[in-house]
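Please examine the sequence and the three-dimensional structure shown here before reading on. The report below is meant to be read beside them.

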Amino acid sequence: MTAPPPPAAHRDRFDWLLTVAVLAVAGTMVRAIAFTPIEANQGAAQKIFYIHAPSAFVGLYIAFGLVAVAGALYLWLRDERLDRIAASSAEVGVVFTTVVLITGPIWGKPIWGTWWTWDARLTLTLFLWFVYLGYLILRGAIDDASVRARYSAVLGVLGALLVPFIHLSVYLFRTLHPMPIVLKPSSPSLPPEMLTTFFLALASFTLLFVALLRARYRLATVLDALVDEEAAEPSSMGTLRAEPLR
Amino acid sequence: MLAAAGLIARKDLAIEFRTRSAFLAALVFSLLAIVIFYFAWDATAVPASDLAPGVLWVIFTFSGVLGLHRSFGVEEADRAIDALIASPIDREAVFLGKALANLVFVLGVQAVAIPAVALFYNLPMGRVLGPLTLIAVLAAVGLVAVGTLFSAMAVNTRLAELLLPMLALPFFVPIVLPAAQSTARLLAGRPVAEAMSWLRILIAFDIVFVVACALAFPFTLED
């Protein structure tokens with residue numbers, strides 16, 4: 001209603017940011033595989049760390065943090081753009097968290113000798129993944145845009161409140177996960193070449209997240225405008241039916 | 001506000017008492033589940049006392065979800081919820097009233113299910129009854145706070161009763177885990193002090209989520 005009609009160019013315009021992000025991730029992977037030394041104890045299996053850790057950082061901290069913050073702001077300001085940011089961030093965050101949950105076991109099998117273990121961090125990641133899958137399913141089950149925005153904002157904020165509790169209760173089980181090696185009080189214990197690759201991976205994955213978020217946000221804007229347009233003049237749209245975006 | 005909450009709780013309990021449909025369903029479900037769980041495990045390999053805490057808390061979670069459906073489902077008929085919204089009562093009071101009625105519901109199921117587990121699994125629960133009751137009440141409060149809020153949301157979606165467990169179960173993890181763990185400690189004859197760190201999580205969860213859900217609830221009722 002208030003949103004201006006989407007510029008047609010949006011749909012076809014070349015997404016340079018996404019291209020740059022994909023190239024940056026690809027470049028980092030080439031560096032990680034070919035030009036970063038092989039870890040002495042774990043061998044080649046350690047390389048997956050350059051995908052696993054940045055995905056966890058982006059998916060668990062940035063994406064789900066953004067869902068909670070945008071949700072809380074939405075409940076306060078009632079700006080539908082905030083709802084689109086939260087929805088886009090949740091969707092992209094679920095993708096990154098899925099990458100974490102897939103790469104983790106691939107590394108865990110040769111190093112720990114098991115695909116899965118009920119360690120604190122693994123369990124927390126798995127349950128957060130469930131919470132945000134539920135978030136997406138909830139959005140899909142509500143037709144009214146403002147109800148959808150309010151309900152998902154409530155769930156997004158409560159999801160963030162849940163994190164310390166799940167962490168605390170699963171932490172009382174013993175933990176197997178490698179302790180932090182970069183973010184810790186003493187200096188990082190990675191050799192400099194590995195550290196550089198890791199930070200490059202962190203930066204390129206964050207860039208990829210921003211690019212995907214932007215692309216998903218644009219899609220949401222266009223689809224919302226289409227739904228509004230159709231609601232305003234149901235007859236003029238003829239056979240073109242837009243599914244409301246969830 | 002408390003008087004209004006009491007009024008709403010009384011209304012819900014009166015409906016439940018006169019129909020008894022949800023309570024009986026939850027009760028029968030609990031008893032069935034207790035019996036089925038026993039046969040699903042090899043009783044000669046796993047002692048019943050190791051099985052019982054997990055069984056108890058899984059059953060409470062699911063029977064709780066069963067009852068929580070009705071909390072707002074019952075307001076859908078004739079759009080009774082619109083009358084609730086229009087009435088001069090704080091939204092927070094509506095939440096507290098609904099939660100109170102649900103708490104009575106869950107505690108009622110527990111009051112039958114705990115002795116039933118003691119009976120079927122042959123557990124000497126008499127000496128731990130006091131601490132166990134405390135755990136049951138603490139867990140029920142958290143369960144009901146989250147469940148009531150999500151029930152209000154789920155009835156307004158196309159998936160309705162399918163959505164509630166999907167939303168609520170991840171939130172029940174910090175309830176079921178501490179409750180089952182501390183129950184296991186008590187049944188193993190350990191002192192209550194050993195379960196304290198678990199109990200602290202339960203208490204903190206109750207405080208944070210009762211407040212958060214009461215504050216979030218008005219957002220689910222707007223028109």
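This is a predicted model: local features need pLDDT of at least 70, side-chain atom pairs count only at pLDDT 80 or more; totals for chains, interfaces and linings use all residues.

Residues are numbered from 1 along each chain as its sequence is written, while chains are lettered from A and ligands numbered from 1 in the order in which they are written.

Chain A has seven helices and zero strands. Helices (H or I, at least four residues) and strands (E, at least two) are DSSP runs, numbered from the N terminus. Of the 246 residues of chain A, 35% count as buried. A residue is buried if 20 or more other C-beta atoms lie within 10 Å of its own, exposed if 12 or fewer, and partly exposed in between, with C-beta atoms placed from the backbone. Two residues are in contact if their C-beta atoms, placed from the backbone, lie within 7 Å. Among the contacts in chain A with a separation of 6 or more, 77% are between residues 24 or more positions apart.

Between the chains, 22 residues of chain A are in contact with 23 residues of chain B. On the side of chain A that touches chain B, the elements giving two or more residues are α5 (120-140) and α6 (145-171) of chain A. The most comes from α6(A), with twelve residues. By class, this side of chain A has 19 nonpolar, two polar and one charged residues. Here Ala, Val, Leu, Ile, Met, Phe, Trp, Tyr, Cys and Pro count as nonpolar, Asp, Glu, Lys and Arg as charged, and the others, Gly among them, as polar.

**Two helix pairs**

The table gives the packing of one pair in each chain. Axes are lines fitted to C-alpha atoms, for helices over the stretch in contact, and angles run from 0 to 180 degrees between N-to-C directions.

| Helix pair | Angle | Axes apart |
|---|---|---|
| α3(A) and α7(A) (192-232) | about 45° | 9 Å |
| α6(B) and α7(B) (163-187) | about 175° | 9 Å |

Angles under 35 degrees count as roughly parallel, over 145 as roughly antiparallel, 65 to 115 as roughly perpendicular and the rest as oblique. On this scale, α3(A) is oblique to α7(A). The contact of α3(A) with α7(A) has twelve nonpolar, three polar and no charged residues; A:Tyr50 and A:Phe57 of α3(A) and A:Phe198 and A:Phe205 of α7(A) are among them.

In chain B, α6(B) and α7(B) are roughly antiparallel to each other. Their contact includes B:Leu132 and B:Phe150 of α6(B) and B:Phe171 and B:Leu186 of α7(B). By class, the contact of α6(B) with α7(B) has 17 nonpolar, five polar and no charged residues.

A:Arg78 has a positive phi of about 55° although it is not a glycine. The residue lies in the loop between α3 (49-77) and α4 (80-112) of chain A. A:Arg78 is partly exposed because it has 13 C-beta neighbours inside 10 Å.

B:Asn122, likewise not a glycine, has a positive phi near 55°. B:Asn122 is found in the loop between α5 (91-120) and α6 (129-154) of chain B. With 11 other C-beta atoms within 10 Å, B:Asn122 is exposed.

B:Ala5 lies in helix α1 (residues 2-19) of chain B. B:Ala5 is buried, since 21 other C-beta atoms lie within 10 Å. Although B:Ala5 and B:Ala93 are 88 residues apart in sequence, they are 4.7 Å apart in space, C-alpha to C-alpha.
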